[in-house]
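This report covers a few local features of one protein chain. The sequence and structure are shown first, and the notes follow.

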Amino acid sequence: MTRRTLAAIVAFAAAALDGGCVRQQSGEIKRLPAASQSPSSTPHHRIRHPAPAALKVGPAVARDVPRVYVPNRASGYVSVIDPRSLRIVDHFTVGQSPQHVVPSWDLRTLWVTSNGAGKTDGSVTPIDPRTGKHGREIPVDDPYNMYFTPDGRSAIVVAEARARLDFRDPHTMRLQGSLGVPLCIGINHDDYSGDMRYAIFTCEFNGWLAKVDPVHRKVLGYLKLSKGGMPQDIRVGPSGKTFFVADMHADGVFIIDGEHFKEIGFIPTGVGAHGLYPSRDGTKLYVANRGTHSLQGAPHSPFGRVSVIDFSTRRVVARWPIPGGGSPDMGNVSADGRMLWLTGRFDGVVYAIDTRTGKVRKVRVGAEPHGLAVWPQPGRYSLGHTGILRP
């Protein structure tokens with residue numbers, strides 16, 4: 001058994017959890033119990049994780065410089081953090097409204113997606129992960145987010161304002177073709193099924209989901225969520241068939257049967273549920289709750305926190321508040337699984353959160369930091385976003 005195979009087994013170790021903890025009955029969605037919504041409740045819970053030794057970075061990225069790349073949407077530049085010292089070691093200007101830093105399919109480029117705030121002069125900026133240095137911007141229409149086809153032949157630029165997916169050459173960004181997704185208003189985040197047959201995209205501004213076959217470039221169907229109305233991040237669960245969808249208005253995470261494309265459950269997590277990040281051992285799901293329902297929230301929200309879901313029970317097992325209030329948004333987990341890095345969207349900071357204790361440290365960055373990338377990461381190839389890697 002290779003190390004990559006072992007890593008895949010560890011990451012999907014909880015495959016049995018699709019056995020039916022939650023199911024749809026008589027058209028109603030069962031709410032799973034969660035801890036108190038009080039801002040002062042359960043400030044720190046120590047989480048036990050199996051040793052993540054199997055999830056080491058591969059030889060292709062082992063010599064890449066360890067960095068955290070932070071796109072500051074309102075400031076228009078990227079802050080570069082040394083994760084060891086928690087100090088900013090570089091910053092550089094990119095296109096208007098940088099949204100995410102996305103590892104390429106072959107792991108040799110990190111792309112900064114700057115969507116131009118609804119204009120037609122969006123761009124992507126390459127970063128060389130070996131050195132941490134950036135290259136020249138490439139003009140791209142409305143690159144809010146970016147993913148890749150499973151074979152790596154196309155980058156999928158999520159043109160949020162256009163309700164469209166643009167398929168581009170993953171190196172030059174030359175347009176190959178487009179797929180309109182007209183009922184997905186504010187098309188946003190995505191993840192693939194375990195067998196890569198389909199992807200599910202969230203529709204931020206109308207409360208829908210869209211199921212897409214990215215290889216044959218066709219829409220397979222739409223699903224309207226039962227409540228809430230502002231789905232954000234999405235992650236496939238350990239079975240590869242069940243998806244978890246954060247909804248900023250529903251204040252929790254929907255559970256979706258991807259095969260039958262139906263809603264089967266809901267887990268309340270906190271105000272403004274937004275980002276989702278699996279633990280390195282595949283047993284937990286970290287949920288970043290922004291602390292507000294607004295797209296332009298105030299700083300220091302007392303409801304900003306991270307909730308920890310146990311995949312096997314589908315229950316919240318810990319809540320980590322942000323000291324002094326905050327707005328945890330998007331990011332990723334460190335390669336060793338010990339640190340959860342999240343941007344503080346409305347507080348101009350980055351949170352470095354210990355995944356065993358919930359202890360929070362902060363690094364001051366620019367205005368409205370968004371989809372940061374932690375590099376290097378374990379995995380053989382990237383499917384996009386801030387680092388959805390597969391073995």
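## Disulfide

In this predicted model, the link between Cys184 and Cys203 is left-handed, with -105° about the S-S bond. The two sulfur atoms lie 2.0 Å apart. With a disulfide taken as a pair of cysteine sulfur atoms within 2.5 Å, the count comes to one.

The pair links distant parts of the chain, 19 residues apart. Cys184 sits in the loop between strand 12 and strand 13, whereas Cys203 belongs to strand 14 (residues 199–203). Both cysteines, Cys184 and Cys203, are buried.

## Nonpolar surface patch

The loop between strand 12 (175–180) and strand 13 (187–192) also holds Ile185. Ile185 has 40% relative accessibility and therefore counts as partly exposed, since that class lies between the limits of 20% for buried and 50% for exposed.

Together with Phe205 and Leu295, Ile185 forms a nonpolar patch on the surface. The accessible area of these three residues together is about 260 Å².

Four strands make up an open sheet, ordered 17-18-19-20, with antiparallel pairing. Strand 17 (231–236) and strand 20 (262–268) are at the edges and have a single partner strand each, so one side of each lacks a neighbour in the sheet. From one strand to the next, the twist averages 25°.

Within this sheet, strand 18 (residues 242–247) and strand 19 (residues 252–257) run antiparallel and are joined by six bridges. Thr242 has Asp257 of strand 19 as its bridge partner.

Methods:
Residues numbered from 1 in each chain as written. Predicted model: local features only at pLDDT ≥ 70, side-chain atom pairs only at ≥ 80, totals over all residues. Heavy atoms only, no water. Patch = residues over 30% accessible without salt bridge, like charges linked within 9 Å, V, L, I, M, F, W, Y side chains within 5 Å. Areas by Shrake-Rupley, 256 points an atom, 1.4 Å probe, with all protein chains shown as cover. Salt bridge = Lys/Arg side-chain N within 4 Å of Asp/Glu carboxyl O. Helix = DSSP H or I, 4+ residues; strand = E, 2+ residues; numbered from the N terminus. Buried < 20%, exposed > 50% of the residue type's maximum accessible area, 1.4 Å probe, protein only. Pairing = 2+ DSSP bridges. Axes fitted to C-alpha atoms, helices over the stretch in contact; angles between N-to-C directions.
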